[in-house]
Amino acid sequence: MSQKYREYKQLNLTDIEKEIREKWQKGNTFRQSLKEREGNKPYIFFEGPPSANGKPGIHHVMARTIKDIFCRYKSLKGYYVSRKAGWDTHGLPVELGVEKNLGITKEDIGKKISVDEYNAECRKTVLQFKDLWDKLTEQMGYWVDLDDPYITFTNEYIETLWWLLGEIYKKGLLYKGYTIQPYSPAAGTGLSSHELNMPGCYRDVKDTTVVAQFKIKEQQSKKNAILTQYVKDITKAYFLAWTTTPWTLPSNTALAVGPNIDYVVVESFNPYTSEPITVFLAKNLLYSHFKKENENKDFSEYNKGDKEIPFKVLAECKGKELIGIEYEQLMPWIQPMESEGEAFKVIGGDYVTTEDGTGIVHIAPTFGADDARVAKLANIAPLHLLDKNEKTQPMVDKTGKFFLIEELDEDYVNKYVNKELYKEYAGRFVKNAYDSNLTDKDTSLDVDLCVMLKQQGLAFKIEKHTHSYPHCWRTDKPVLYYPLDSWFIRTTAIKDRLIELNKTINWKPQATGTGRFGNWLENLVDWNLSRSRYWGTPLPIWRTEDGKEEICISSVKQLSEEIEKSIKAGFMTENKYSSSNYDDFDLHRPYIDSVILVSQSGKPMKRETDLIDVWFDSGAMPYAQRHFPFDCTEEELKQHFFPADFIAEGVDQTRGWFFTLHTIATMVFDSVAFKNVVSNGLVLDKNGNKMSKRLGNAVDPFEMMNKYGADATRWYMISNSQPWDNLKFDPDGIDEVRRKLFGTLYNTYSFFALYANIDGFCYKEKDIPIAERPEIDRWILSELNTLIINVDKAFNEYEPTRAARLISSFVDEYLSNWYVRLCRRRFWKGEYSSDKISAYQTLYRCLEVIAKLSSPIAPFFSENMFINLNSVTNRENHSSVHLTDFPTADENLIDKALESRMQMAQKICSLVLSLRKRHNLKVRQPLASIMIPCDDKTQSEIEKVRNLILSEVNVKEIKYLSLQNNVLSKNIKANFKVLGPKYGPMMKSIAKAISEFAQSDIAKIEIEGKYTLNIEGKEIELALTDVEITTKDIEGWVVANEGNLTVALDVTITEDLKKEAVARELVNRIQNIRKDSNFDVTDNIIVELQEEDLLKASCEQYKDYICNETLTRELILKPSIDNPTTQIDVIEDRQLDIRITKC
RNA sequence: AGUCGCGUAGCUCAGUUGGUUAGAGCACCACACUGAUAAUGUGGGGGUCGGCAGUUCAAGUCUGCCCGCGACUACCA
């Protein structure tokens, strides 16, 4: 039975893909591919869960293509690659989506809508675009198990999270703490960094700023050398510190200096009160606060109120010499509590700069993240108040105003608050925007405070300052940095281990691992887990009211047991969590909030109302996707599911998913979570702008795939730039890939199919031994095997771009434009000989290997080609290319010498063609000879590819010229790489001397092998290896050269050559006419020609050739032709009649 | 603002340990070829290798500073 290779009318990638998709579906090919590798060594892959409440974009095609490539590749290499899909279902975007749909805000939750209903709504919408995602997955050919995905909102998933949190808790790494967070008083809610980075959130605002004078305590002068030595009047000594938020000054408890920054002690006068002062500030900033021209002016000439204020630098010192000096509280309204630490002294701060301000930073630990950090390190107390409920509070309440005295604890007020001073400001909003009774035109608290300081002689400079400041996207009002209670994971405790383990991870690109991720780890802060939200994983911690007793629940079973205890204690009446059927209950809010547990000492414990960061959800997926440790033992986990060999996501996940995976794995299992990670860059639009729905430049992945096909889209994205570079997405580029790669491959396949079908080639014959195959076959097979090695290596090193480019240049340059072009004749000419079989076998092998090599990147086209080939030959017992083994290179077939001489042949041909072009000699005009000057070795190499060159460039003979021949003129150039290190500075003169060599000098060094130069009085002996000699011209020939290769062409056209040219022209015209007349390739014809002398001579001499080429049975020349088919122009300046008929 | 990455032809990208005419594809122009024809070849135009300094005999390549773009981290006096 001789089945035919499938032939196509034209290339249609989308049709092919549709057909293949159906085939996969019918044959369950993905499952099959897993099944066949079952029991093999696993290659563990984690799917980063996308959120299905948004539509997929083109960048998802990018990320998923990368994932797919390596999973498919490893599958071909024999690994068992299980790929569980997943859905990220919690978190802020979901909630915001719901709020938008329902037209509510967070404040309405619990009022207009119950938490229960709200969460139900979230659950409903969270997978709203799942179908679209599934469609994308299928259409782009991403193989992942969609039937059994992990979903983060399930009770099982949450239970694993609780277990992990329990482990972390047991290790003492989970704690409750205070942190400064962006907070919107107007909205009454904390804001995530995500919310803060929304467009338009940062706006320039004009604030009143003040450089305040912090008075140094008088008794300090005895303790500090600087003060003792340089400050004349300690009662007038101040630190200068700048703030853009004067309302934080009453909360000041320290000043920070840069330990290595230079400071100066300056004697001068206060600009507002003209009182004499001695102040400290950074040396670099001296002249931003004092006019240079007033330096060292006579103090006695200064009169009160003068604008020009003289000053004098008394001394200089380093910041560290100032550390420890105490100062008087600037606004002594409220004292910090001693129990919380020291106050009002100078401390060191690593973040202090001298870019603006005074180089001395006012520290209010309750309102600045950096402030809080350095204060804590230096044991500085934050300024805390105690409210009626005995809770510590910052000076500002959650609505954005200073606490009223009556809201505070009475004992506390008596002890710490100066009521006289404070009452004037108590209740004031720190920004007018928070007070509904005020507008921007009203005096702000900041201004009032500045005026007060001015009157007290404690303000050095008051001015307006414009800076960018974040605003709440919901209320449009400025954000406050505010301390909030949060639960933290003490990641800083395992920092060293995180860094150590990170060094074992193979990052692509490496810089992301060492740089972005490495830096992130170096500057690690504790992980703030808390989110005051509704739809997410609840924090499984229950606490007594006083916070002294608490429990961290690690499983549903434990929860149920604790509830039982609680029922006994009378805090609860029923246990909804006792069922072993996880569908019977819900671990989400609000249900979980109604669980009240009992403490050791018998007190009720309520759940901490926080949810946990959704990033914990995704970082826990290696375990939660298997419901570890409840449905999966640690042994199973470590054997089959953890850690991952490979993950891939966008580079924006570095501090997201990559970090949480790494941290949880390190904390709980002391292991990396992934061994190899590819982080891809962004997909930008063709102009390099970020894609966004708002700008309307977002590319619809479905549109692209419908138009160009998934394979072309995938190939384009992978081959165009390295995955980690940003991709400027241009649809024209996809089209180029379609034409260039798939078009060429399609043409090559079609060519093969056309002739293989005619000849009935089904690869039935035994492989022709390699030694019996012609040079060109051995060459392409050598290149093919080299390609296998290189592509294998590229995939193995996670370099998909390299793999894609290697394949595509092989297909284009080697296979199509050289092998097939040069071998065309072998396929359509002559008998079904061993040479022809060799050609078929060789081309078949190439196509088969290309199908396999490219299958990870272009799964559809490669599949189609493989099936088309294999269904005729049945060489492989596989129904899909994705079920085959990755090709192994046969190193015996690799012949580097052959590869390089073929390259030389291509170069020679290209030179000859360029000579023909330059001299207007058509390739159809045969020429007598070319001449190549070269050594014996090169000559014997060229001899082996002689015939290829001759037929390609239509020349009769190659002549060689020994290099010593005196008809050659030569060029000589210094070999910089050899001479440079030897002679260094003399290089220039030597190079010049060499370039000035006469032909005789060149001959001399060639013959004697050395040459002595005299440069700058020194004798320099040159060896032959110190120079590069190339041939330039050959007397009497037309010559072209490239590198060290020179080719000369004999352009003489003899009478014989002319006749042959005519014969070839004639063949060409007849072929064209055959084609135009739609004759079949195998039809025999009769040709009648109008007589002409040269044509006649040509036809006589080349009759056999002409007839053979064109399947002409009779070639008749006669004076005139009846009914000519057309006219031809084979003879210069003549149009001759021709008539062609089938016979 | 800090950290990281990127910057080479109109566009998309290569460019080895520094070594002397900086390459390819696309696009454009011209010419050719044609039993693969929506393919192909040859030639041409097109470059201050982001800028400036430095190291070196020699810098697209190494160093520093600056500019532009992007990401991340912050928004801090």
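Predicted model: local features only at pLDDT ≥ 70, side-chain atom pairs only at ≥ 80, totals over all residues.
Residues are numbered from 1 along each chain as its sequence is written, and side-chain values use heavy atoms, without hydrogens and water.

**Exercise 1.** Determine how many cavities of 30 Å³ or more the structure holds, and state the volume of the largest.

*Solution.* Step 1: a cavity is a set of points, on a 1 Å grid over the protein atoms alone, where a 1.4 Å probe fits but cannot get out. Step 2: a search of the whole structure returns 2 of them at 30 Å³ or more.

**Exercise 2.** Describe the lining of the largest cavity by residue, helix and class.

*Solution.* Step 1: the lining residues (an atom within 4 Å of a point) are Y8, L11, I16, Y746, Y749, F861, N864, M865 and N868. Step 2: helices are DSSP runs (H or I, at least four residues); α24 (731-759) and α28 (859-873) each supply at least two lining residues, and α28 gives the largest share, 4 residues. Step 3: the lining has 7 nonpolar, 2 polar and no charged residues.

**Exercise 3.** Describe the second largest cavity in the same way.

*Solution.* Step 1: its volume is about 50 Å³. Step 2: S33, R72, S75, L76, R83, W143, S855 and H882 line this cavity, with the largest share, 3 residues, from helix α3 (residues 58-76). Step 3: by class, 2 lining residues are nonpolar, 4 polar and 2 charged.

Notes. Chains lettered and ligands numbered in written order. 1 Å grid on protein atoms, 1.4 Å probe; cavity = no way out; pocket = protein on both sides within 12 Å on 5 of 7 lines; lining within 4 Å. Points joined across faces, edges and corners; volume = space filled by probe spheres on them. Nonpolar A, V, L, I, M, F, W, Y, C, P; charged D, E, K, R; others polar.
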